[in-house]
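The questions below concern the fold of a protein chain and the arrangement of its parts. Please consult the sequence and the structure while reading the answers.

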Amino acid sequence: MVGSIEVKSGNGVYSNGSVHNHNGLEEKLDELRHILGKANGDLLRIVCVGAGAWGSVFAALLQDSYGQFRDKVQIRIWRRSGRAVDRSTAEHLFEVINSREDVLRRLIRRCAYLKYVEARLGDRTLYADEILKDGFCLNMIDTPFCPLKVVTNLQEAVWDADLVINGLPSTETREVFKEIGKYWKERLTVPIIISLAKGIEAELDPVPHIITPTQMINRATGIPVENILYLGGPNIASEIYNKEYANARICGSEKWRKPLAKFLRQPHFIVWDNSDLVTHEVMGGLKNVYAIGAGKSWPFSVFICMVAALTNESATSKSVYFAHCTSEMIFITYLLTEEPERLAGPLLADTYVTLLKGRNAWYGQMIAKGELSLDMGDSISGKGTIQGVSAVGAFYELLSQSSLNVLHPGDNKPVAPVELCPILKTLYKILIKREQGPMAILQALRDENLNDPRDRIEIAQSHAFYRPSLLGQP
């Protein structure tokens with residue numbers, strides 16, 4: 001099924017109430033159409049696969065900018081059907097609708113308001129794909145956006161798409177794109193794919209190495225690597241849609257990253273381009289490890305928000321944790337890249353925004369407070385997938401391999417890299433093995449034998465640590 005959509009009214013105001021300056025937009029669209037060889041009358045077909053917060057906002061940004069050019073571009077979003085909206089969420093959604101005059105008027109004009117009244121009263125059930133058509137994401141109810149054209153049939157959504165946005169969690173990317181690959185076997189043209197996913201998997205054969213979402217897509221579909229790009233940055237989806245200034249990098253082949261950066265760039269959303277695809281993608285996964293509770297893929301954000309919850313928001317305790325987690329991240333980047341200093345800024349910025357306002361950080365706080373249980377899994381209603389959990393498991397498994405041994409500074413003996421990452425080890429015991437509770441974090445930080453975090457960085461800087469095989473390089 002496909003949902004309907006509204007476009008700009010005559011006075012330049014969109015159905016979501018925002019006003020846009022369209023100077024240069026049609027020229028940018030025409031330029032991308034020309035590069036892709038689109039003839040007059042042949043629509044540029046863009047589809048976002050996955051309707052989490054970032055995927056939905058990304059589709060909405062494109063719709064706001066280019067949706068008015070209906071004879072040149074079609075923008076759609078795919079999500080699975082059948083996901084019911086629970087009663088409490090329906091009640092909250094009704095409050096959001098009535099607090100926004102522009103949204104209220106839009107729904108009344110579209111004859112869509114009554115169903116939200118009925119859902120508020122418990123007289124009907126709403127579904128996630130249904131409310132997405134009206135501009136509401138189940139994972140981001142407080143931020144209405146423009147109505148979207150929604151498709152629930154995957155084959156219908158992707159079979160002739162020119163530009164595919166991967167808005168799926170990394171844990172779902174392989175499965176969904178394997179299905180997509182079946183639909184593309186008979187294609188004569190090769191689509192372009194932009195992945196927004198932050199997360200990794202570990203493979204141990206033939207040597208320990210990381211698998212990223214773009215590599216999963218390449219394996220599942222056979223689409224050439226040069227046609228698959230990654231876009232990421234220190235961003236919170238709701239703030240981007242509300243036009244808070246933000247930036248991101250699109251990484252991949254020069255053939256596509258430069259024209260796509262220009263196409264995606266907006267006054268409040270600056271998109272740079274970079275050739276280093278895999279490293280940026282892995283960094284996007286690493287920070288969710290240390291930020292669980294903050295919204296990115298390295299496990300550390302989870303950890304620091306657990307510390308915050310366990311110490312009554314102690315600034316001192318959080319700073320101690322931050323010193324250790326950043327030193328572990330730096331240590332790991334020396335294993336992954338030959339020039340880690342070039343990644344320091346983007347990595348810390350991404351970690352910082354995750355700690356401030358990310359779902360991984362929120363998750364860590366809720367676990368520490370006892371308001372969530374690990375038995376509930378890593379897919380949380382109203383938040384989506386907590387990707388930091390799977391990232392913890394992947395990095396721990398990868399860095400436990402003896403083939404990657406480094407010299408321990410105290411014992412002067414070879415050890416697996418994970419032995420020099422006590423924060424990662426503790427997170428693994430809490431989130432994956434479930435051998436310890438959240439208090440184990442504080443115990444790890446208070447260990448009298450814990451090395452100065454500066455020592456860990458010096459070890460990495462003074463040894464030949466770089467292991468290109470970790471990223472699948474010879």
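Predicted model: local features only at pLDDT ≥ 70, side-chain atom pairs only at ≥ 80, totals over all residues.

Q: How many residues of the contact of helix 8 with helix 9 are nonpolar, polar and charged?
A: On the side of helix 8, the contact is made by Ser170, Thr173, Arg174, Phe177, Lys178 and Gly181, which meet Pro213, Met216, Ile217, Ala220 and Thr221 of helix 9. These residues divide into 5 nonpolar, 4 polar and 2 charged.

Q: Which residue just after helix 9 takes a positive phi?
A: The value of phi at this position is about 80 degrees. The residue concerned is Gly222.

Q: Which residues are in contact with Pro224, leaving aside its neighbours within four places in sequence?
A: Pro224 belongs to the loop between helix 9 and strand 8. Because its relative accessible area is 37%, Pro224 is partly exposed. Its C-alpha atom is separated by 9.3 Å from that of Ile192, which is 32 residues away along the chain. Beyond its neighbours within four places in sequence, Pro224 is in contact with Val190 and Asn218.

Q: Why is strand 8 largely enclosed by the rest of the structure?
A: Both faces of the strand are covered, with Ile228, Tyr230 and Gly232 on one side and Leu229 and Leu231 on the other. Strand 8 is largely enclosed because 5 of its 5 residues, 228-232, are buried.

Q: Which residue of strand 9 stands opposite Gly232?
A: Strand 8 is joined by 3 bridges to strand 5 (residues 192-195), and the two run parallel; in this pairing Ile194 stands opposite Leu229. Strand 8 also pairs with strand 9 over 3 bridges, in the antiparallel sense. In strand 9, the residue opposite Gly232 is Arg249.

Q: Which strands are the edge strands of the open sheet?
A: The sheet is formed by 8 strands in the order 3-2-1-4-5-8-9-10, and the pairing is mixed. An edge strand pairs on one side only. The edge strands are strand 3 (150-151) and strand 10 (269-274).

Q: What angle does the direction of helix 11 make with that of strand 10?
A: Helix 11 (residues 254-264) packs on the sheet, where it touches strand 1, strand 4, strand 5, strand 8, strand 9 and strand 10. Its direction makes an angle with that of strand 10 of about 175 degrees.

Q: Which residue of strand 5 is the bridge partner of Ile165?
A: Strand 4 (residues 163-166) pairs with strand 1 (residues 44-49) in the parallel sense over 4 bridges, with Ile46 opposite Leu163 and Val49 opposite Asn166. Leu163 and Ile165 point one way from strand 4, Val164 and Asn166 the other way, and all are buried. Strand 4 and strand 5 also pair in the parallel sense over 4 bridges. In strand 5, the partner of Ile165 is Ile194.

Q: Is Lys243 buried or partly exposed?
A: Lys243 lies in the loop between helix 10 (237-241) and strand 9 (246-251). Although it is not a glycine, Lys243 has a positive phi of about 70 degrees. Because its relative accessibility is 34%, Lys243 counts as partly exposed.

Q: Which residue is joined to Pro206 by a cis peptide bond?
A: Pro206 is placed in the loop between strand 6 (201-203) and strand 7 (209-211). The omega of the cis bond is about 0 degrees. The residue joined to Pro206 is Asp205.

Methods: Residues numbered from 1 in each chain as written. Heavy atoms only, no water. Buried < 20%, exposed > 50% of the residue type's maximum accessible area, 1.4 Å probe, protein only. Contact = heavy atoms within 4.5 Å. Nonpolar A, V, L, I, M, F, W, Y, C, P; charged D, E, K, R; others polar. Pairing = 2+ DSSP bridges. Axes fitted to C-alpha atoms, helices over the stretch in contact; angles between N-to-C directions.
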